[in-house]
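User: I would like to learn how to read packing and side-chain bonds in a model. Can we go through one feature at a time?

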Amino acid sequence: MLRRYRQAFGDHLGGFLAFDQALIIFGWSSEYNPALDVQWHNLFSPFKDAYRLSFDEHLIVGCDVLGDLLILRDSEVCRMDGETGTLELLAASTDDLFCRPVSELAEMFGLSLAKRVLPSWDVGSVFRALPTRPYLIAGKPPTSFFKSPLLRAMGLKLRLFQTTAGAPDGTVIGLDFWN
């Protein structure tokens, strides 16, 4: 696991935040906050098992402004939609991803939404922006959002995924848990 992380991010073992927190790359052994720790997400969090991610093939390395996971699949960089569990290929490698123009990366990870919804950066308080009505339920791009602590946001998306996965069309999904 450490070898793959180093291949992707070099000696930046502390992780990093970019684009007003829109992009979070989890650190290695983030002692002050396990929610920001690569090892915790890959060994102890419920996300790998629940989304059926292979221990050997998938390495959770971060998340975007919506709390969708960034995953290394072999050398590829993917984003996993937390509501559907669908993987989207972002780049063939971290080099390919991070050599793109900064403006493109800022848009890709949600800088404009982060500026609108998330509070000013505060060490130890990492928030994500969640739509008031989930994309999966609304069926259209959201117009309103609320801020949620990182793990809570990821947990809400996981719960929605588990509630809707395999549900027949037309199933009524209660969203009392969402806000």
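**Cysteines, core and charges**

Analyst: Start with C99. Its sulfur lies 16 Å from the closest cysteine sulfur, in C78, which is too far for a bond. At 60% relative accessibility, C99 counts as exposed. Keep in mind that this is a predicted model.

User: How many disulfides does a search of the whole structure find?

Analyst: First the idea. A disulfide is a covalent bond between the sulfur atoms of two cysteines. Now the case here. The search of the whole structure finds zero disulfides. For C78, the closest cysteine sulfur is in C63, 15 Å away, and that is too far for a bond. C78 is buried, with a relative accessible area of 0%.

User: Next, the core. Which residues have the most contacts inside the largest nonpolar core?

Analyst: In soluble globular proteins, nonpolar side chains tend to be buried together. In this model, the largest nonpolar core has 49 residues. Those with the most contacts inside it are Y5, F19, F26, V65, L97, F109 and L150. A second, separate core has eight residues, including F146, L156, I173 and F177.

User: Take F26. What is F26 in contact with, leaving aside its neighbours within four places in sequence?

Analyst: The list includes Y5 and L150, then A35, L36, D37, V38 and H41. Also among the contacts of F26 are I60, V61, G62 and C63.

User: Now the charges. How many salt bridges does a search of the whole structure find?

Analyst: To call one, look for a side-chain nitrogen of Lys or Arg within 4 Å of a carboxyl oxygen of Asp or Glu. The search finds five salt bridges. One pairs R79 with D64, with the closest N and O atoms 3.1 Å apart. R79 lies in strand β5 (residues 76–80), and D64 in the loop between β3 (58–63) and β4 (69–73), so the pair ties together parts that are 15 residues apart in sequence.

User: Are R79 and D64 buried or exposed? And which residues are linked with them in a network?

Analyst: Both R79 and D64 are buried. A network of salt bridges links D64, R79 and E88.

User: What about E76 and R73?

Analyst: Their side chains meet in a salt bridge, at 2.9 Å from N to O. E76 is partly exposed, at 27% relative accessibility. R73 is partly exposed too, with a relative accessible area of 22%.

User: And how far apart are the closest N and O atoms of E104 and R100?

Analyst: They are 3.7 Å apart, and the pair forms a salt bridge. E104 is partly exposed at 36% relative accessibility. R100 is partly exposed, with a relative accessible area of 23%.

Key: Residues numbered from 1 in each chain as written. Predicted model: local features only at pLDDT ≥ 70, side-chain atom pairs only at ≥ 80, totals over all residues. Heavy atoms only, no water. Core = buried A, V, L, I, M, F, W, Y, C linked by side-chain atoms within 4.5 Å. Buried < 20%, exposed > 50% of the residue type's maximum accessible area, 1.4 Å probe, protein only. Contact = heavy atoms within 4.5 Å. Helix = DSSP H or I, 4+ residues; strand = E, 2+ residues; numbered from the N terminus. Disulfide = S-S within 2.5 Å.
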